[in-house]
Amino acid sequence: MQEIERIVAFLQREELRLVTAESCTCGLMASLLGDIPGCGQVLDSGFVVYSPKAKNRLLNVDFETIERFGLTSEEVASEMAIGALDVSGATLAVANTGVADDEQQDEGGTQCFAYALMRGERQVVVSETVQFDGDRVEIRKQAARHGLTRLPKKYAELLERLE
């Protein structure tokens, strides 16, 4: 829990408002933040968008992007993060999409993350793909923690892209 407390403190220190856009983690990132006192100062909102239609309807993820790159892709995660920034009052977004079990042949544990930052009218985004091991629940928990604990590093990368 201390690592999540550090993330809340980081967001407070940097005066950031976070929005989560979660598919595979299904709200676990927002829930982890919700366990920490003071999270209301830094958590703007959280979206759980499991289906392609929800991704499109709520976060404006293009169906063509989904068809071309697949649901488990950095491209879809990036559109989720940017869409979450666009429809929220947040300045920083983290998005996740992936596969938590082996029902899709050799893709179990593959998670795509995107981090987006809004500064004035400018938006920048970075993404990454990570492989986790374990069962469905373990993968989702690891992915949620990973998405949050990478925020300081990804924020620094996003700031570099603004320069």
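**Cysteines and positive phi**

Author: Asn60 counts as exposed, at 64% relative accessibility. This is a predicted model, where local features need pLDDT of at least 70, side-chain atom pairs count only at pLDDT 80 or more, and totals for chains, interfaces and linings use all residues. Residues are numbered from 1 along each chain as its sequence is written, and side-chain values use heavy atoms, with hydrogens and water left out.

Reader: Why is Asn60 called exposed?

Author: Exposed means over 50% relative accessible area, buried under 20%, partly exposed in between (1.4 Å probe, protein chains only). Asn60 has 64%, so Asn60 is exposed.

Reader: Where is Asn60?

Author: Asn60 is in the loop between helix H3 (52–59) and helix H4 (63–69). Helices (H or I, at least four residues) and strands (E, at least two) are DSSP runs, numbered from the N terminus.

Reader: What is the phi of Asn60?

Author: About 65°, positive, although Asn60 is not a glycine. Most residues other than glycine have a negative phi. Glu15 also has a positive phi, near 55°. Glu15 sits in the loop between helix H1 (2–13) and strand S1 (18–22).

Reader: What makes Glu15 exposed?

Author: Its relative accessibility is 70%, so Glu15 counts as exposed.

Reader: Is Cys112 buried or exposed?

Author: Cys112 has a relative accessible area of 2%, so Cys112 is buried. Cys24 has 3%, so Cys24 is buried.
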